[in-house]
Amino acid sequence: MKVKKCLIAVMLCGVFLLIFGGCGRQRQADPEKIQVGVACYNQSDIFLGELVSCLKQQFEELEHSGVEITVMVRDAAGSQRAQDDQVQELIDMNCNVLCVNLVDRADPSEIIDLARENDVPIIFFNREPVAEDMMQWEKLYYVGAKAQQSGEMQGELAAEAIAKDGQADRNRDGKIQYVVLEGEPGHQDAIIRTESAADTLKSKGVVLEKLGSGIANWDRAQAQNRMQQLIGQYPNQIEMVLANNDAMALGAIDAYEKLNYTEAALPVFFGIDGTQAGLEAVIDGKVAATVYNDKEGQARAIGKLAVAAVTGSGMEELEFENEKYIYLPYQKVTEENVREFLY
Ligand code: GAL
Ligand code: CA
């Protein structure tokens, strides 16, 4: 008899749990109201800042088309700890979808656990978690671009520019002496861009001699610093600067400008991103070419995916790779087509 009572109690408990939200806290009932929480690794990063502006604009446009949306943005300023707390806070504020630009792309577990416990889907963007972490839960997505493609395009652009410009090999030794300015160590867009740009140049028949490299964490001022050191080590020997992004290409140019180098003594500079300042530098002929990191396309994909993840409709309009990844293509930017990219 006792056993039977116990069994009934357990069953009742089960029914209660099923009705009142299973193992997680109960989410807000109204699925049409989209509350987006955006968590950024560091908004002082130029490209990231521009991407987040696009994202806000995208959500505003969706709102004009009749979807009820509120957006809350948090900036972790480079601390994963801070970001974990911000995600908790966004969930406490009843966000029903999260857009997360991880600080440490290798450390998303705490955020994933929080989201799963509360059944809030996550769209990671720009900083790609490793594949195993993406498998932790079915409501995890990624929107970004393929690092390899941007490196290849940078390499192709550099090979074309060198072929066109008889002066690129300034010391006429048949080789291009170059340096690389690299983004954050461990970021998918740093190491892969560096390697694929150089491999592509070599495959196009350009003979390279790497003089050195410097890590400048995507940052213009740090790049200026690193470049000053490299110029000090190799005065007048550097013929090409491959930068993992535009901000660092511009920092390298700053270093030369500070040292009053004449134009004829400058190396050729290549960037990636097509930020506002990067595109202007292409127009001015300071940066030879860049590769457009399609922030508008990424923002559009994140926006549509956020709506689809909350409402359950519109998923079929999105083009996924491996069911959870959306990659937007990069595009080459030279002085010939740069104006098409200025908005
Ligand atoms: C890259 C971009 C860099 C930097 C980085 C941040 O895609 O090229 O400029 O913004 O993302 O994660
Ligand atoms: Ca040379």
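Reader: Is the crossing of α8 and α9 right-handed or left-handed?
Author: In this predicted model, α8 and α9 cross in a right-handed way.

Reader: At what angle do they pack?
Author: Helix α8, residues 220-233, packs against helix α9, residues 246-258, at about 50 degrees. Their axes are 7 Å apart. The two helices are therefore oblique to each other.

Reader: Which residues in α8 meet α9?
Author: From α8 they are Arg220, Ala223, Gln224, Met227, Gln228 and Ile231. Their partners in α9 include Ala247, Met248, Leu250, Tyr256 and Lys258.

Reader: And by class, how many are nonpolar, polar or charged?
Author: The contact of α8 with α9 has nine nonpolar residues, three polar ones and three charged ones.

Reader: Where do Lys175 and Glu239 lie?
Author: Lys175 is in the loop between α6 (147-164) and β6 (176-182), and Glu239 is in the loop between α8 and β8 (240-243), so the pair ties together parts that are 64 residues apart in sequence.

Reader: Is Glu239 buried or exposed?
Author: Glu239 counts as buried, because its relative accessibility is 3%.

Reader: What about Lys175?
Author: Lys175 has 33% relative accessibility, so it counts as partly exposed.

Terms used
Residues are numbered from 1 along each chain as its sequence is written. Chains are lettered from A and ligands numbered from 1 in the order in which they are written. This is a predicted model: local features need pLDDT of at least 70, side-chain atom pairs count only at pLDDT 80 or more; totals for chains, interfaces and linings use all residues. Side-chain values use heavy atoms; hydrogens and water are left out. Axes are lines fitted to C-alpha atoms, for helices over the stretch in contact, and angles run from 0 to 180 degrees between N-to-C directions. Helices (H or I, at least four residues) and strands (E, at least two) are DSSP runs, numbered from the N terminus. Angles under 35 degrees count as roughly parallel, over 145 as roughly antiparallel, 65 to 115 as roughly perpendicular and the rest as oblique. A crossing is left-handed if the near helix is turned anticlockwise from the far one by less than a right angle, and right-handed if clockwise. Contact means heavy atoms within 4.5 Å. Ala, Val, Leu, Ile, Met, Phe, Trp, Tyr, Cys and Pro count as nonpolar, Asp, Glu, Lys and Arg as charged, and the others, Gly among them, as polar. Buried means under 20% relative accessible area, exposed over 50%, partly exposed in between (1.4 Å probe, protein chains only).
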